[in-house]
Amino acid sequence: MSEPTGLLGEVFADLAARHPASLRGAQEARAIEPARFDATAERYLGWLRKARGDAWLTSSVNAYVQFSTDVIFAQADYEDDGAYAHDSFAKAHAEVYSQRHVMDEYLWGVYLTNFLWVHHMEIMRFFQDRFLAPLPANAHIVEIAPGHGGWGVWATASRPDVDLEGFDISPSSIAIASSIANAAGVSDRVTYTLRNALDLAVMPEASADAVICSFLVEHLEQPDQLFAVIGRILKPGGTAFITGALTAAQVDHIYEFRRESELIVLAEQHGMRVRESLSVSPQRILPKAKFLPRSMAMAVTRCAHGFW
Ligand SMILES: C[S@@+](CC[C@H](N)C(=O)[O-])C[C@H]1O[C@@H](n2cnc3c(N)ncnc32)[C@H](O)[C@@H]1O
């Protein structure tokens with residue numbers, strides 16, 4: 001495999017120079033499908049550089065390394081305690097989502113995990129092939145909890161016919177996702193609004209052709225309510241891309257999913273058929289781990305006739 005060039009080459013060189021322990025995971029992510037990885041990374045990094053300006057490289061790599069390190073420590077505590085550290089949404093909101101500095105760093109870090117973490121790169125491939133490619137023409141997409149905006153902006157940049165409305169509870173998300181949309185040149189088809197996802201239950205029924213909801217469900221005390229919202233706003237026959245974390249700790253993960261079937265059942269209980277799913281884990285985990293951290297992605301379809 002040739003060495004990465006361009007902006008990705010700069011990221012790999014910076015990791016090698018300042019955070020060599022973090023380079024191996026990124027190389028593993030690239031090795032799955034180098035051409036797709038390079039194309040995905042170059043696009044994400046181009047938007048990142050435009051959004052953040054000259055200091056993009058050091059500040060973003062620092063945020064990524066800090067976020068990845070925090071996740072490893074959270075997982076180690078979870079291994080010891082057998083439970084996530086927090087179970088209160090109010091606490092996560094007060095200490096993380098509403099704290100501009102904390103959340104900005106967190107979201108820039110998560111943005112890079114979309115391709116630098118091997119299991120997230122696998123989910124990115126699933127998103128591109130199994131959700132985005134079959135999306136119908138002129139789809140209206142609702143994105144719930146866009147965070148950094150990387151998923152929805154990827155969708156709108158790849159498909160000039162679609163538009164997107166995003167809702168997140170964090171002011172950082174609204175600012176960062178808007179800056180990424182602007183950098184990608186899709187602001188005219190994308191809006192972001194500060195709102196609790198659970199308040200979207202008041203949105204008109206069957207108003208979205210598609211929903212993107214990535215890594216929110218484990219942040220909620222009652223994930224069932226989120227699936228009710230998605231089932232309500234999706235048009236019959238409409239599709240959703242939903243991801244969630246299982247036995248994977250993080251400062252703001254409060255609902256512990258243990259089995260893939262739990263997410264599938266939640267979708268089914270709210271009128272959605274799981275067309276395809278993918279459950280992936282990092283290639284290396286803590287020694288003697290009891291819990292295998294996984295990320296699961298689902299492509300679901302809103303049933304039109306009861307059960308299909
Ligand atoms: C881990 S980030 C996920 C970001 C992005 N979707 C991704 O997949 O990388 C979780 C996001 O959920 C948002 N969030 C948490 N609780 C929420 C709620 N009740 N309503 C809306 N957004 C929420 C946070 O502000 C944050 O942006």
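The legends below describe close-up views of a predicted model.

**View 1**

**View 2. Packing of helix 3 against helix 6.**
Helix 3 spans residues 34-52 and helix 6 spans residues 100-116. Their axes come within 9 Å and cross at roughly 165°. Because angles over 145 degrees count as roughly antiparallel, helix 3 is described as roughly antiparallel to helix 6. The crossing of these two helices is right-handed. On the helix 3 side, the contact involves Phe37, Thr40, Ala41, Tyr44 and Leu48. Their counterparts in helix 6 are Tyr111, Asn114 and Phe115. In this contact of helix 3 with helix 6, six residues are nonpolar, two are polar and none is charged.

**View 3. Packing of helix 6 against helix 9.**
Helix 6 also packs with helix 9 (residues 171-184), at an angle of about 45° and with the axes 9 Å apart. This angle makes helix 6 oblique to helix 9. The crossing of helix 6 and helix 9 is right-handed. Helix 6 contributes Arg100, Met103, Asp104 and Leu107 to the contact, while helix 9 contributes Pro171, Ser172, Ser173 and Ile176. By class, the residues of the contact of helix 6 with helix 9 are four nonpolar, two polar and two charged.

**View 4. Backbone at alanine 206.**
Most residues other than glycine have a negative phi. Alanine 206 is not a glycine, yet has a positive phi of about 50°. Alanine 206 sits in the loop that joins strand 3 (190-194) and strand 4 (208-214). With 14 other C-beta atoms within 10 Å, alanine 206 is partly exposed.

**View 5. Backbone at threonine 247.**
Threonine 247 is another residue other than glycine with a positive phi, here near 35°. The loop containing threonine 247 runs between strand 5 (234-246) and helix 11 (260-269). Is threonine 247 buried or exposed? Threonine 247 has 20 other C-beta atoms within 10 Å. A residue counts as buried if 20 or more such atoms lie within that distance, so threonine 247 is buried.

Terms used:
Residues are numbered from 1 along each chain as its sequence is written. This is a predicted model: local features need pLDDT of at least 70, side-chain atom pairs count only at pLDDT 80 or more; totals for chains, interfaces and linings use all residues. Axes are lines fitted to C-alpha atoms, for helices over the stretch in contact, and angles run from 0 to 180 degrees between N-to-C directions. Helices (H or I, at least four residues) and strands (E, at least two) are DSSP runs, numbered from the N terminus. Angles under 35 degrees count as roughly parallel, over 145 as roughly antiparallel, 65 to 115 as roughly perpendicular and the rest as oblique. A crossing is left-handed if the near helix is turned anticlockwise from the far one by less than a right angle, and right-handed if clockwise. Two residues are in contact if their C-beta atoms, placed from the backbone, lie within 7 Å. Ala, Val, Leu, Ile, Met, Phe, Trp, Tyr, Cys and Pro count as nonpolar, Asp, Glu, Lys and Arg as charged, and the others, Gly among them, as polar. A residue is buried if 20 or more other C-beta atoms lie within 10 Å of its own, exposed if 12 or fewer, and partly exposed in between; C-beta atoms are placed from the backbone.
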